[in-house]
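Please look at the sequence and the structure shown here.

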Amino acid sequence: MSLATTNYLTPTGREEAWRFTPLSRLAGLHDSSVELADRISLSARGVPAGARLEIKSGEEAPSLSTTDDIVIERVRDVAQQVLVLTIEKNAEIAEPIFLLRKSEGQAPEASRVQIQAGAHSHATVVVENVGSAVLAEEIEINLEPGANLRFVTLQEWDNNAVHIGRHHAIVGKDATFTSYVITVGGSVVRILPTVEYSGPGSSADLYGLYFATDNQHLEHRIHVEHKIPNAKSRVNYKGALSGQSARTVWIGDVFIKATAEGTDTYELNRNLLLSDGARADSVPNLEIETGEIVGAGHASTTGRFDDEQLFYLQSRGIPAEEARRLVIRGFFAEIVAKLKIQSIEERIMNRIDAELEEAK
Amino acid sequence: MSTLIIKDLHVSVSTDEGMKEILRGVDLTINSGETHAIMGPNGSGKSTLAYSIAGHPKYTITSGSVTLDGEDVLEMTVDERAKAGLFLAMQYPVEVPGVSVSNFLRTAVTAIRGEAPKIRTWVGEVKEAMTALHMDPEFSERSVNEGFSGGEKKRHEILQMELLKPKIAILDETDSGLDVDALRTVSEGVNRVKENQDLGIMLITHYTRILRYIKPDFVHVFAGGKIVEEGGPELAAKLEESGYAEYLPA
């Protein structure tokens, strides 16, 4: 056993980073009570020209960033092989590159992935998480200057999956990173979408959608670190909860360091409570160390279903259930419509419809 | 030929001080092709009458009846009332973010007609109705009532009325917040629907201004939660002169 595995400070739930997470439901991912298998669980549905997929050793693909998350440190310790997706310099790949997760059911596993977006490349990468899994994973994404990457992760897990993940983007000079984190499945899902910048003129747009029903804990902890001047970030996450034991957590940490003059940032989180007892925690957190910025703001709202909307639609002959469905689809439409991958849009909305139907 | 009959309607709302009676015995009959103006001071209960008939959950019917062609309206859910042929054009139409006007209209028409409209004729039908109301075609891609001006909201209400083809329509302060041009456009829309579809109208208003464009057959003065005087168009002229002072408690 390496030194690292014995040195872990197992979270107790009192730590700021863990205070919302139900540790007892993490299937041992956070402590060392279970062995993690080192598996390459993602496979491509086809790799288009301009991209390549390789398996590298940990030495060949060292970590690109630092983390203080105990589970991610464990992933780095366990995973001796790294799946590396490279988008070549100047490549223009119109069709999304799909990476499908094939997990070994409830056997705990660790996964490390790196995505390298070459200078001035254009691509969309979609990670599809389906089925059952106990997964701890890290995906590091590096955007070279001028790269444009759309990065979509779909958590369409069965409702017994446990998933802890860190999706870290390093956005280079004049590069554009757009992420969509869609979480509708899983027993416990805890994702850390984090961003840092390596050159000015760069931007990151982080979109998210989550829908929790009974016995689901869906947590998204965003962290955007502005150290480089003249970078931009936008965060917009929307969530809905149905069922009295449905839980969601959204943390939006945006730090603007003294060196980050000209920063432009805005973050937004909206939650829609569809039933009594459901609980959504929403914690925007903006720390600003320089006044020389373009803008910085945040907003967070958590509200109940609007009965006036329901009445309005019903008064036009639309039955109550269909009216509810319309309002919820409408609530998510702002995020879903931006995806522009129609098969996925339909699939997500249909899953939400089906879960609403079931939750009745 | 349809008939809406309201008999001795009493309605209460719950307040911090308990139940408060707003409507105190309303009697009114509206037939197809008739326009009834309900006029009265603010707070007299006009809007409560409108929302009670439409079935808003905030209002509790304590006694009385409402029937449409003999069917008990008060037993129906809100959407059943719409399917039965009632329409309420609201004073403050509700915003529904993310739901496009075109999706909303098609969903509503499908529900009311019991089957989805044929795409080809439907597109033409909507376009024609929108043109008549001076509405830009790009309007149909916007979210329902979101960011609409006052005039756009009211046009959108009348557009729905035209497409849903109700038997009886209640227009709640449709004139409020409209400039003269918008008032004329909206009124023309109402008159067109009335003529083409033999619509019966309950026109709720505080001011006589809209009555220059939509001619009432009957005028009812509403005060203290009930109708206190009834007459023909001449009654509106009298209200224009003397206001509601004589109907208010001294």
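In this predicted model, 18 residues of chain A are in contact with 32 residues of chain B, where contact means heavy atoms within 4.5 Å. The two chains bury about 1900 Å² between them, and 68% of that is on carbon and sulfur atoms. Buried area is the accessible area (1.4 Å probe) that two parts lose on being put together, summed over both.

Chain B and chain A have one salt bridge between them, a salt bridge being a side-chain nitrogen of Lys or Arg within 4 Å of a carboxyl oxygen of Asp or Glu. R316(A) and E157(B) form a salt bridge, with their closest N and O atoms 2.6 Å apart. Ten residue pairs, both at pLDDT 80 or more, are in polar contact between chain B and chain A. A polar contact is a pair of N or O atoms within 3.5 Å; within protein, one must be able to donate a hydrogen and the other to accept it, and residues adjacent in sequence count only if both atoms are side-chain atoms.

Which element gives the most to the side of chain B that touches chain A? This is α3(B), with six residues. Helices (H or I, at least four residues) and strands (E, at least two) are DSSP runs, numbered from the N terminus.

The largest nonpolar core has 112 residues, and F332(A), I352(A), I6(B) and M202(B) touch the most other members. Helix α4 of chain A (residues 320-339) provides the largest share of this core, nine residues. A nonpolar core is a set of buried Ala, Val, Leu, Ile, Met, Phe, Trp, Tyr and Cys residues joined through side-chain atoms within 4.5 Å. Buried means under 20% relative accessible area, exposed over 50%, and partly exposed in between (1.4 Å probe, protein chains only). Leaving aside neighbours within four places in sequence, M202(B) is in contact with residues including I6(B), L28(B) and L171(B).

T213(A) counts as buried because its relative accessibility is 8%. Its side chain is joined to that of E355(A) by a polar contact of 3.5 Å.

Residues are numbered from 1 along each chain as its sequence is written, while chains are lettered from A and ligands numbered from 1 in the order in which they are written. Local features need pLDDT of at least 70, side-chain atom pairs count only at pLDDT 80 or more, and totals for chains, interfaces and linings use all residues, while side-chain values use heavy atoms, with hydrogens and water left out.
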